[in-house]
Amino acid sequence: MAAMPAPANSSDSAPPSVCPGCGALIPVLVEAPPAALSVGRGQVSGAGCRVHVSEAGLLTRLQIETPGGVIYHGREPSRLLTAKGATLLLAGPPVVLALAVAFGLLGAGVEPLPVVIALLVMALVLYLVARAGWKSRDDLSERAVVYAWDRLVPQLHEPKFSLEESAFLAGLARWSAGSGLAARQRESWRRALALTEQAAVEGRPVVRHLAALQRLAIAHAAAEADPILLLAAQIGRCFDARPAEGLTRMPPCFAEELLAPWRADWWNKTNLARLRLLVCDRAFEAGLEVRHLIEAGQLVPALANLLQTDDPAGLARLRLLWSLRASRPWDRCGPAVTAFEVAALPESSRVMTEYPDLLLYQTVPLARRRVGESKDAGPRGEVVVCGRGVAFQGVLFTELPVTLEVFSRGLFRRGGHRLVVGGHTFHLPDDPEPLARLLERWFHYHFREFLTQAADVADWQSPAGDAVLRTWGTVACPQCRRIVRVKPGEVGVALEEPVGPPAL
């Protein structure tokens, strides 16, 4: 399979790698990172761009610069006076009048003291009004960020795409993703996202920039959509052999940028467990096996942390579960839903919090349904099959119980119904015999069948998965055309024989 072309025109390059076949030097180009912006004291600056809001004088000032020069320098459009200017304009005239009356320049024949006091009190009130009104305005740095999105961003990439301006945009998106300041400038960042996506398709080294803008889009959509589903779909672009229509396949650094810590309430352990399952779902669908995920984690540490590649047995259980979705052998135990189905639901937070290693989930009636009652009426319990074992009503059994006994006082006598599983006793409102048989089936399936099959999953092979990972960090040697996974400053790893005639 052909390797992904090395990005061109990168602003940074690593030491060359060495071809293990012919010894030729292979250039290693790296994706340009988002610019590290300086945000504070009323300005946003980085990568040759700068937005500065000043209130040093009586009037506000705004200056906007790009690498090509100054595009605006003048009064801040949305306001005229600074706090000093407003204080002078409002409180100044009463003070001047008070001085004029005090020195007899005004109000001849009028007792000056009451007038002066009244004017000074008025000046004090107006001073407080000015200070309170102008102090309640937005922070200077936040105003600079808003002006950057509103006035600077529409001017970027004109007349053609600029890598330096793209780095500034990505840095601005990274900073704004957790602040909400870009919400009012939706059209600006959507245009930037479209231009950067196109540049990435053309082979420009802007994949990290694109990921930063996608983070901003996800943060903006989080109020109306499930951000975990959106994030999983974007990370899946690194695995999908055939991404969804309108999307292109991305190299691993795209996932690395997307998985940088988020400043958001939804970035928590529960949703990370959901994200792990959803990303595994996308990876398995693309043909990746457990060993591929482990290798991917070695290339992208953030992905290793998310997928928990240090627990290959856990990944093997998920891979086996994914492969059994069509046949659903657990249906003979009960109509359970898989962890992949649970992870797709935002309301699954309680289950994922208690069982981050979830595999299968089923709710079960604790009493027989009465005549006329709906299917879900009456008390219900839950059976959870997870990597650690089988749980019933919050009690986790990590091995096959030695005993499973039913104690019931009869059909027509209330109370006294008990189910004893191992050393745990469950008091139930109805005859527990059907429930006991159901639990027995689950225990047998998980401990005797499923875990036994999972032991061999780590050795599964997949040419499709091999093909996906061949494109991660690989290039064709310019001399012998051998496909090599480059290692900056080291000898690369040959993945394929030459794919074409040697270079002359």
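Right, let's start. The model is predicted. Keep that in mind throughout.

Helix packing first. Take helix H5, residues 186-201, and H6. Their axes come within 9 Å. They cross at roughly 145 degrees. The crossing of H5 past H6 is left-handed. Who makes the contact? On the H5 side we have Arg186, Trp189, Ala192, Leu193, Thr196, Glu197 and Ala200. They meet His209, Leu210, Leu213, Gln214, Leu216, Ala217 and His220 in H6. By type, the contact of H5 with H6 divides into 8 nonpolar, 4 polar and 2 charged residues.

Next pair. Helix H6 covers residues 207-221, and helix H7 covers residues 227-235. They pack at an angle of about 160 degrees, and their axes are 9 Å apart. That angle makes H6 roughly antiparallel to H7, because the cut-off for that label is over 145 degrees. The crossing of H6 and H7 is right-handed. H6 brings Gln214, Ile218 and Ala221 to this contact. H7 answers with Pro227, Leu230, Leu231 and Gln234. The count for H6 with H7 is 5 nonpolar, 2 polar and no charged residues. Note Gln214. It is listed in the contact of H6 with H5, and again in the contact of H6 with H7.

Now the loop between H6 and H7. Aspartate 226 sits there. Is aspartate 226 buried or exposed? Its relative accessible area is 14%, and the limit for buried is under 20%, so aspartate 226 is buried. What is aspartate 226 in contact with, leaving aside neighbours within four places in sequence? Arg274, Ala344 and Pro346.

On to the cores. In soluble globular proteins, nonpolar side chains tend to be buried together. Here, the largest nonpolar core has 120 residues. Which residues have the most contacts inside it? They are Ile235, Leu275, Leu303 and Trp442. Helix H15, residues 433-454, supplies the largest share of this core, with 10 residues. Zoom in on leucine 303. Not counting residues up to four places away in sequence, leucine 303 touches Ile235, Phe239, Leu259, Ala296 and Trp472.

Spot one is a cis peptide bond. It runs from glutamate 158 to proline 159, with omega near 5 degrees. Proline 159 lies in the loop between helix H3 (140-152) and helix H4 (163-176).

Spot two is alanine 47. Its phi is positive, about 55 degrees, although alanine 47 is not a glycine. Look for it in the loop between strand S4 (43-46) and strand S5 (49-54).

Arginine 328 is in the loop between helix H12 (312-323) and strand S8 (337-338). At a relative accessible area of 23%, arginine 328 is partly exposed.

To recap one point: H6 packs against H5 with a left-handed crossing, and against H7 with a right-handed one. Thanks. Over to the viewer.

How values were computed: Residues are numbered from 1 along each chain as its sequence is written. This is a predicted model: local features need pLDDT of at least 70, side-chain atom pairs count only at pLDDT 80 or more; totals for chains, interfaces and linings use all residues. Side-chain values use heavy atoms; hydrogens and water are left out. Axes are lines fitted to C-alpha atoms, for helices over the stretch in contact, and angles run from 0 to 180 degrees between N-to-C directions. Helices (H or I, at least four residues) and strands (E, at least two) are DSSP runs, numbered from the N terminus. Angles under 35 degrees count as roughly parallel, over 145 as roughly antiparallel, 65 to 115 as roughly perpendicular and the rest as oblique. A crossing is left-handed if the near helix is turned anticlockwise from the far one by less than a right angle, and right-handed if clockwise. Contact means heavy atoms within 4.5 Å. Ala, Val, Leu, Ile, Met, Phe, Trp, Tyr, Cys and Pro count as nonpolar, Asp, Glu, Lys and Arg as charged, and the others, Gly among them, as polar. A nonpolar core is a set of buried Ala, Val, Leu, Ile, Met, Phe, Trp, Tyr and Cys residues joined through side-chain atoms within 4.5 Å. Buried means under 20% relative accessible area, exposed over 50%, partly exposed in between (1.4 Å probe, protein chains only).
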